[in-house]
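Please keep the sequence and the model in view while reading.

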Amino acid sequence: MATRKKLPRRFLACCVTFLLLLGGALGCSSSLMVDSPIVHWGATVTVNCTIWRNHCPFLGDGEIQMMWKLDGQLLHGVQSSLGDGVEFSSITIGPLNRTAVSLSCWVLKKETPHLLNLKQILAGYPPSQPQNLTCTMNDTTRDLKCQWDPGEDSLIKVQTTLQGFRSQSGCAVLLDPIPHCIPKVDQNSCTISRQHLQLYQTMAFRVMVRNGLGVAQSELLCADPMDLVKLDPPAVHSIQSIQSVPEETHCVSVAWEAAKDTTYMRQSCDLRYRTDGDQEWTLVQNITSSTRQVQHCGFLFGTSYQFQMRCQKFGARYMSDWSPTKTFTTHEDSGHVPSGELDAWWKTKPGEAGQGTQVQLLWKPMKPKEAKGKILGYWVTLSPRLHNGQLPTLCNTTELQCNFSLPPGAERIYLTAYNARGASPPTKVSLQKKGVTVPRIYASPLGENSIAVSWDLPGGPTTGYLIEWQRMTSAEPPYDAETSWTRLRNGEEREILIQENIEPYQRYNISVYPLYNDGVGMAQHTEAYTRQKAPSDSPKLYPGSIGKTTAQLHWEPIPLELRNGFITNYTVFWICPNDDMSSAVVNFSVNTLTITGLRPLTMYKVHIMASTVGGSTNGTILMLYTKATDDMDISFAYLLIALLLVMLIILVICFHKSKKMKLQFWPAVPDPANSSLGKWAPAVLQEEVFPVNKSGELSPIIITAILLLEKDKKKGLPCEKSESPKPPLEGPWSGPSKADAALPPSSPKPASHMNHSQSVQYAKVLLDSYHRQQEAPSSLYLRSNSTQPLLSDFTPSPEPYENLWFHGNQPAGEHSCSFQEDTIFPEGALVDFPLLQGVKLDGDEDLSNF
């Protein structure tokens with residue numbers, strides 16, 4: 001809640017009166033008072049907002065809060081209650097550093113803001129005094145056009161007026177004003193028509209400028225409008241050579257014609273001239289000839305000149321523009337030979353096989369005062385003297401350059417210019433580069449078409465310097481590339497202004513060679529622009545390796561002729577789908593960048609910006625899509641799989657080659673089915689031929705005896721633990737068995753054997769046929785050291801009371817402590833097992849405790 005305080009009653013009355021006159025927003029009576037709607041730059045402003053509850057139905061009687069907004073920024077002022085339903089809020093803003101701001105007053109009721117009033121506040125400076133007021137009258141239309149320099153910008157809108165007055169006493173007294181001239185928007189000139197001017201009388205002119213912070217006016221321009229007239233340029237219609245005395249120089253006569261409708265005026269004119277290729281003019285002033293013809297001497301023989309003229313009304317302030325150029329060539333001097341030296345320069349490149357070094361010799365034309373007439377040609381020779389009546393000439397040309405092959409061993413050549421009267425002294429050109437270079441050179445632009453070059457002096461004495469400059473391109477500079485150069489013959493000079501073949505937005509390579517008596521020193525180089533701007537093209541962006549979270553980019557440099565300046569840096573931007581933009585700035589010498597921290601499986605927009613000191617240029621957008629996995633992840637997965645396969649192969653080989661390894665995982669278990677016991681049979685049975693039985697009948701081979709080689713240490717059940725046997729089960733085995741008849745009555749019955757998982761030794765097995773063949777010698781089989789049971793533990797033998805084979809036709813109660821009297825099989829069961837009907841135990845006397 002804003003701070004409240006009481007205000008004077010007189011101020012309250014003023015506010016109430018103002019509220020009665022003005023209405024606020026939403027049908028409310030409100031006012032917004034500002035100290036000044038236009039203030040000085042950096043000043044503070046106090047603003048007051050007043051509202052009358054009785055004229056705002058939506059406010060009601062509840063408590064309200066007044067707020068401020070400055071260009072949308074919420075502010076809180078000092079709020080006060082003036083009584084009678086009048087609410088007041090004041091705020092001070094500043095210092096203002098914007099040309100225009102919007103300040104609004106709001107009222108908050110039930111969490112809803114309501115706009116009451118709005119004001120715009122301007123900030124700036126008082127108007128500057130206009131400078132350099134100049135007015136010129138057109139000789140044809142007689143309209144007076146004035147122009148001026150407006151001075152510094154006041155940052156706020158100004159009103160400009162060009163005023164004119166009739167005057168007396170040298171403009172000390174201003175009389176009747178003429179209609180004011182209002183210039184167009186953003187123009188600093190205005191034209192007063194002829195009808196408002198008073199010719200041949202003194203008038204005063206000035207420029208008045210005003211804004212909300214003040215008024216400024218220019219100094220008075222006091223002049224007769226006719227003295228402000230600017231004539232149209234004259235026309236040079238003829239130039240003639242005239243005889244000069246003495247004949248050391250050449251004289252010409254120049255005639256011109258005055259502009260139309262100005263022949264009656266007395267005029268003063270200027271003449272200027274220069275030779276072709278020269279940058280400076282020679283000026284001849286104050287030519288007042290009534291015949292409009294003038295003679296002038298000092299021209300060179302056989303030289304081409306350019307002439308121009310301009311004129312003004314005598315006593316007027318302004319000269320006309322220069323006339324169009326008129327070219328004239330003076331006549332030849334037939335009595336003198338060229339004099340002076342030629343400025344020469346050269347470039348070399350290796351020659352082809354079997355040829356010498358290729359040389360391109362360049363030279364400047366001889367100065368006109370030294371040429372003594374028209375130069376007919378140039379000689380390039382290896383010697384300054386005749387040999388055998390002739391010069392060893394390398395080339396003879398009328399051009400300012402020639403190309404030739406330098407003979408081996410030649411270190412210097414000689415250049416000579418000749419005219420109709422003879423040849424100039426030969427200029428020696430040394431073709432050796434040696435000596436100390438200049439330590440450093442500097443280049444700075446002076447305008448769009450000139451560069452100032454300076455350098456530090458080398459340690460030793462020099463005879464001069466040669467400055468060479470060439471526009472750089474993307475291609476390697478060819479041997480005959482256009483090269484500009486100039487020579488300074490003073491070894492103490494340290495600077496020069498080069499202007500020939502200089503253009504803005506182009507890069508130039510500038511070289512400085514020190515000149516010595518016996519050769520040319522090595523060059524020192526620098527590069528420069530006269531003006532820079534944004535590149536005309538942008539780098540071409542290419543994607544490189546793209547991973548899950550990284551992307552590699554590279555780009556090609558912009559061609560030199562399109563850079564328009566020195567590239568300061570490159571900025572790469574990338575934007576993800578949610579419009580989050582990131583960027584990276586790289587040095588101008590770098591052309592690659594690896595972006596990190598990207599999201600997998602995401603599309604990115606990428607572009608590059610090239611910058612110079614003159615601006616920046618954006619390139620086209622490149623779309624990148626990151627991968628789900630990196631190539632390194634895939635390679636690692638493949639490597640892991642390969643390692644697992646190699647390990648598996650190694651394990652298989654180890655298992656296959658190592659018996660100990662196999663026994664650790666697969667112990668050797670004897671197979672009774674493949675034992676020799678399973679394949680053993682008595683020799684008598686092998687010789688006996690049994691009759692062919694019917695289908696489904698078994699051979700009548702009977703196991704006659706089993707001889708145990710070693711009895712188990714564990715004895716049978718003792719008599720005290722024996723139980724009375726259960727009655728035999730009724731079934732197919734309850735009747736008398738045929739096997740009993742097959743057994744001899746005197747033979748002891750086989751003892752009953754229980755299946756146990758303990759060690760069981762192999763036994764001797766005897767076979768007997770129904771025909772009682774003679775027993776064959778029995779073979780002895782010994783068990784190995786294996787403790788594995790013959791029968792698997794997974795199928796244990798049934799208890800005696802559960803196995804029917806241990807229940808014969810025994811009378812109840814006839815049990816013995818030994819099992820000699822027990823029948824090994826039930827009688828009825830042997831019917832179905834004929835092979836077991838002949839089994840008998842040999843040595844059963846030892847089985848009593850088995």
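The side chain of D580 makes a polar contact with the side chain of N578 at 3.0 Å, where a polar contact is a pair of N or O atoms within 3.5 Å, one able to donate a hydrogen and the other to accept it within protein, and residues adjacent in sequence count only if both atoms are side-chain atoms. The model is predicted, so that local features need pLDDT of at least 70 and side-chain atom pairs count only at pLDDT 80 or more, whereas totals for chains, interfaces and linings use all residues. Residues are numbered from 1 along each chain as its sequence is written, and side-chain values use heavy atoms, with hydrogens and water left out.

D580 lies in the loop between β43 (569-575) and β44 (581-587), the strands being DSSP runs of E with at least two residues and the helices runs of H or I with at least four, numbered from the N terminus. With a relative accessible area of 45%, D580 is partly exposed; buried means under 20%, exposed over 50%, and partly exposed in between, for a 1.4 Å probe and protein chains only. Leaving aside residues up to four places away in sequence, D580 touches W574 and I575, a contact being heavy atoms within 4.5 Å.

A second side chain can be set beside this one. T381 is found in strand β28 (residues 377-381), and at 3% relative accessibility T381 counts as buried. The side chain of T381 reaches the backbone oxygen of S383 at 2.9 Å.

Strand β28 belongs to an open sheet of four strands in the order β29-β28-β31-β32, with antiparallel pairing; two strands pair if DSSP finds at least two bridges between them. The edge strands are β29 (393-397) and β32 (427-430), each of which pairs on one side only. Neighbouring strands of this sheet are turned by 20° against each other on average, direction ignored, the axes being lines fitted to C-alpha atoms. Four bridges join β28 to β29, and Y378 stands opposite T397 in β29.

Another open sheet has three strands in the order β26-β27-β30, and its pairing is also antiparallel. Its edge strands, β26 (344-349) and β30 (401-406), each pair on one side only, and the twist averages 25° from one strand to the next. Six bridges join β26 to β27 (residues 357-363), and Q358 in β27 is the bridge partner of K349.

| β29-β28-β31-β32 | antiparallel | β29 (393-397), β32 (427-430) |

Of the contacts with a separation of 6 or more, 65% are between residues 24 or more positions apart.

The mean pLDDT of the protein chain is 76, and 71% of its residues reach 70 or more, pLDDT being the predictor's confidence in each residue, from 0 to 100. Over residues 710-795 pLDDT stays under 50, and the model has 142 contacts beyond four places in sequence for this stretch. Residues 840-850 also have pLDDT below 50, with 37 contacts beyond near neighbours in sequence.

How values were computed
Axes fitted to C-alpha atoms, helices over the stretch in contact; angles between N-to-C directions.
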